[in-house]
Amino acid sequence: MTAEEETWFDADAGPLARPYTVTGGRTRTDTIGLDLLTLVVAVTTIMEAAILPQEYARVVRLCQQPLSVAEVAAYLELPLPVVKVLLADLIEQNHVIFRSATSMAAAPDERILQAVLDGIRRL
């Protein structure tokens, strides 16, 4: 754990600040439809993120490689709603980009997949 992270986290007591204080009291964001499987990646470098508030900079440092929203929450050890707010803010400020997972409606029809499988078996 870095020195800046130690200022708000105690190994025995856990976070010294409530998660909602990290987001300014906001607990949800309705502007972007982030779910557990949405992939996020930072477009801001670690050096550029140094001017961001601490929690936002942590997210940018973590997201230098694509991660799912669930992975970001796990690595940061923050509740999912808090991470969604942080990510939504970073997306709106063009520090992070995202790609939603495909919906089940976009998945191929099961009958078509079965017909392809049957055709392959006949070969």
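Analyst: A salt bridge here is a side-chain nitrogen of Lys or Arg within 4 Å of a carboxyl oxygen of Asp or Glu, and by this rule the count comes to two. The model is predicted, so local features need pLDDT of at least 70 and side-chain atom pairs pLDDT 80 or more, while totals for chains, interfaces and linings use all residues. Residues are numbered from 1 along each chain as its sequence is written, and side-chain values use heavy atoms, without hydrogens and water.

Glu 55 forms a salt bridge with Arg 58, their closest N and O atoms being 3.2 Å apart; both residues lie in helix H4 (residues 54-62), three residues apart, about one turn of the helix. Helices (H or I, at least four residues) and strands (E, at least two) are DSSP runs numbered from the N terminus.

Further along, the axes (lines fitted to C-alpha atoms over the stretch in contact, with angles from 0 to 180 degrees between N-to-C directions) of helix H5 (residues 69-76) and helix H6 (residues 80-92) come within 9 Å and cross at roughly 110 degrees. That makes H5 roughly perpendicular to H6, a word used for 65 to 115 degrees. In contact, meaning heavy atoms within 4.5 Å, Val 69, Val 72, Ala 73 and Leu 76 of H5 meet Leu 80, Val 83, Lys 84 and Leu 87 of H6.

Three strands, paired if DSSP finds at least two bridges, form an open antiparallel sheet in the order E4-E3-E5. Strands E4 (67-68) and E5 (96-99) stand at the edges, each with a single partner, so one side of each lacks a neighbour in the sheet. Two bridges join E3 (residues 39-42) to E4, and Leu 39 has Ser 68 in E4 as its bridge partner.

Conventions
Parallel < 35°, antiparallel > 145°, perpendicular 65-115°, else oblique.
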